[in-house]
Amino acid sequence: MRSYTGMLALLLIHGNLMLTYVSSQNAGFVKSPMSEIKLTGDAFELYCDVVGSPVPEIQWWYADINRADSFKQLWDGARKRRVSINTAYGANGVSVLAISRLTLEDAGIYECRASNDPRRNDLRQNPAISWIRTQATISVLQKPRINASDQEVLQPKGGQELPIILQCNLTNSHSTHQESFWMKNGQEIANTKTEHRHTLFKLSKPRADDSGEYMCVYTFKSAPNANASIEVKAAPEILGHKRSENRKEGENATLHCKSVGYPHPMWTWRKKVGQRSYIDIDNSTGRFFITNRNNFTELSIVGLDIGTDPGEYVCNASNIIGSRESMTILRVRSHLAPLWPFLGVLAEIIILVVIIVVYEKRKRPDEVTDDDEPAAPMKTNSTNNHKEKNVRQRNTN
């Protein structure tokens, strides 16, 4: 009996130990920050993804390269608000450290620390035992000096289209230059690569769709790419829009406008009321929804009302250079609109039948010939027959 009780006690103790082991899990890194080389003025982001049960706490620390044994904890908003730390705890613990407008002093060793030890913040505990760590080294180099031409403003249509030449010149760099190329709005322009420090890009006949943000990019053997931006600005020109839209009442309608020009315009929508007045349209009514994306705008109208929604709608695109607008006519038909052709044909048939009936009733009697009735006997024939009969009787006597 005692042995059975002892075995049961050992089983219960062992079971509790197993439950404790299963329910807890030491902290471990799923994703660690990566070392990078950056230029002054740039920005970087470091990611740290940690698992464990309970979910581990995450901290960020920093040490100068020359003093790797002297770490200081980083906080959100540090270094004149250039440091940003965003951490989320769910099934995993995920944290992102971002630093913008880099200076040479931002170079150093950045460390992600994680721990789910209940005693991790006890000053009597050794941090090296209760916290796990992973590091990344950030090197910051002085940005090469690039002299770029000033911004350009394209003249509206009607003016003389003079060529525009964009130029960049690499005057100073700490690493060997390899090549350069041009980009527009984040996309590389084909056939612009060169090995020269001085590079140019020519717009022979500039138009509004040639406007945008141009960038000359220089590549190096042992340093990140360097670039300089040149803005080519132009007033918006609306190239694509619906001239008209036909819908039935109760349906939804979608109007849109597309433009070229830079900077990207501010979009507004208006509806014409009366001869010369307009009302502004926004998202406050619950039936009108406006979506703007750079050089594109869309107006959606839900549940068309045949009494108030038909009319002229105007989209307006405006930036610091100028503005343009285009009109779309919205027509709203009744639910009975598909029946009108059928009802028209039916009405024509009824009118034709009525005309035929009236015409038949008004025909003259002598114009009517009835072949089914027997013809009436002629009076002349009857009289002659009687006379012949009397003459014969007299002769006999």
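How many helices and strands does the secondary structure of the protein chain come to? The chain comes to 5 helices and 25 strands, where helices (H or I, at least four residues) and strands (E, at least two) are DSSP runs, numbered from the N terminus. This is a predicted model, in which local features need pLDDT of at least 70 and side-chain atom pairs count only at pLDDT 80 or more, while totals for chains, interfaces and linings use all residues. Residues are numbered from 1 along each chain as its sequence is written, and side-chain values use heavy atoms, with hydrogens and water left out.

**The chain overall**

- Of the 397 residues in the protein chain, 31% are buried; buried means under 20% relative accessible area, exposed means over 50%, and partly exposed lies in between (1.4 Å probe, protein chains only).
- The protein chain exposes about 26,700 Å², of which carbon and sulfur atoms supply 53%; accessible areas come from the Shrake-Rupley method with a 1.4 Å probe, and for residues only the protein chains shown count as cover.
- Among contacts between residues at least 6 apart in sequence, 64% join residues at least 24 apart, a contact being heavy atoms within 4.5 Å.

**Strand pairing**

- Strand 4 (57-63) is joined by 7 bridges to strand 8 (residues 108-115), the two running antiparallel, and A63 has I109 in strand 8 as its bridge partner; two strands pair if DSSP finds at least two bridges between them.
- An open sheet of 5 strands has the order 2-9-8-4-5, with mixed pairing. Strand 2 (36-39) and strand 5 (72-73) stand at its edges, each with a single partner strand, so one side of each is left without a neighbour in the sheet.
- Strand 20 (residues 266-273) pairs in the antiparallel sense with strand 24 (residues 311-318) over 6 bridges, and T268 stands opposite N316 in strand 24.
- Strand 20 also pairs in the antiparallel sense with strand 21 (residues 277-281), over 5 bridges, with W269 opposite I281 in strand 21.
- The hairpin of strand 20 and strand 21 has 3 residues between the strands, and G274 takes a positive phi near 75° there.

**A buried threonine**

- T297 lies in strand 23 (residues 296-301) and is buried, with a relative accessible area of 0%.
- The side chains of T297 and W269 are joined by a polar contact of 3.0 Å; such a contact is a pair of N or O atoms within 3.5 Å, where within protein one must be able to donate a hydrogen and the other to accept it, and residues adjacent in sequence count only if both atoms are side-chain atoms.
- Leaving aside residues up to four places away in sequence, T297 touches several others, including L255, C257, W267 and I290.

**Salt bridges**

- Side chains of opposite charge can pair when their charged atoms come close.
- The structure holds 15 salt bridges, each being a side-chain nitrogen of Lys or Arg within 4 Å of a carboxyl oxygen of Asp or Glu.
- E325 forms a salt bridge with R270, the closest N and O atoms being 2.8 Å apart. This pair links distant parts of the chain, with E325 in strand 25 (residues 323-333) and R270 in strand 20, 55 residues apart.
- D309 and R287 meet through their side chains in a salt bridge (2.4 Å, N to O). D309 lies in the loop between strand 23 and strand 24 and R287 in the loop between strand 21 and strand 22 (288-293), so the pair ties together parts that are 22 residues apart in sequence.
- D309 is buried, with a relative accessible area of 2%, whereas R287 counts as partly exposed at 26% relative accessibility.

**Backbone features**

- The peptide bond from S53 to P54 is cis, with omega near 0°, and P54 is found in the loop between strand 3 (44-53) and strand 4.
- Another cis peptide bond joins Y262 and P263, with omega about 0°, and P263 is found in the loop between strand 19 (253-262) and strand 20.
- K80, a residue other than glycine, has a positive phi near 55°; K80 is found in helix 2 (residues 78-81) and counts as exposed at 80% relative accessibility.
- N191 is not a glycine either, yet has a positive phi of about 60°; N191 is exposed, with a relative accessible area of 84%.
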